[in-house]
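User: I am new to this structure and would like to know what stands behind the terms used for it. Please show it first.

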Amino acid sequence: MALGDNIKRLREEHSLTQQQLADKLYVSRQTVCRWENGSRCPDLIMAKRLAMELDTSLDELISDEDLKEFTKNDLPFHSDIVKRRKELEEKQKRILEFIQLVGGIFLLVSVFCRIQLEIRVPGWCIILALCAEAAAFSVRYFISRKLDRLY
């Protein structure tokens with residue numbers, strides 16, 4: 001177990017016996033021994049106190065790998081799938097903004113025509129707005145399908 005190995009290694013680096021470490025943490029020597037052999041684990045508060053006594057971070061205390069060797073690309077949330085998902089979600093967001101914009105423009109044109117010009121909305125305007133909205137909804141649908149496959 002990495003935690004037990006780390007406790008033992010850090011304790012020895014600080015030239016402490018199990019009893020000396022136990023005294024600092026107000027626990028028994030057997031408790032420290034159980035932590036080191038992996039039969040028990042300290043709770044979160046005790047792990048924090050342990051890290052402070054051993055002059056290390058909690059991450060380094062519980063980690064089974066050297067954190068300094070990690071790069072962001074090693075982490076699972078920086079994979080290509082996650083990047084692709086973010087790109088698709090951003091496209092979907094822009095398409096929804098486009099749908100709102102076209103709907104708003106159509107509403108303004110129709111209100112302007114009815115109130116200011118006292119005419120009906122031209123047929124070409126209705127057809128143009130419907131085509132733009134249908135195209136945007138279609139693209140959004142296909143992006144949603146791609147996103148579903150990525151999850």
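User: Why is aspartate 55 called exposed?

Analyst: Aspartate 55 has a relative accessibility of 67%. Buried means under 20% relative accessible area, exposed over 50%, and partly exposed in between, with a 1.4 Å probe and protein chains only. Aspartate 55 therefore counts as exposed. This is a predicted model, in which local features need pLDDT of at least 70, side-chain atom pairs count only at pLDDT 80 or more, and totals for chains, interfaces and linings use all residues. Residues are numbered from 1 along each chain as its sequence is written, and side-chain values use heavy atoms, leaving out hydrogens and water.

User: Where does aspartate 55 lie, and what is its phi?

Analyst: Aspartate 55 is in the loop between helix H4 (44-53) and helix H5 (58-62); helices are DSSP runs (H or I, at least four residues) numbered from the N terminus. Its phi is positive, about 55°, although aspartate 55 is not a glycine. Most residues other than glycine have a negative phi.

User: What makes glutamate 118 exposed?

Analyst: Its relative accessible area is 68%, so glutamate 118 is exposed. Glutamate 118 sits in the loop between H6 and H7, and its phi is also positive, near 55°.

User: Why are H6 and H7 called roughly antiparallel?

Analyst: The axes of H6 and helix H7 (residues 123-150) cross at roughly 165° and come within 9 Å. Angles under 35 degrees count as roughly parallel, over 145 as roughly antiparallel, 65 to 115 as roughly perpendicular and the rest as oblique. H6 and H7 are therefore roughly antiparallel.

User: How do you know that isoleucine 115 is exposed?

Analyst: Isoleucine 115, in helix H6 (residues 80-115), has 57% relative accessibility and so counts as exposed.

Methods. Helices (H or I, at least four residues) and strands (E, at least two) are DSSP runs, numbered from the N terminus. Axes are lines fitted to C-alpha atoms, for helices over the stretch in contact, and angles run from 0 to 180 degrees between N-to-C directions.
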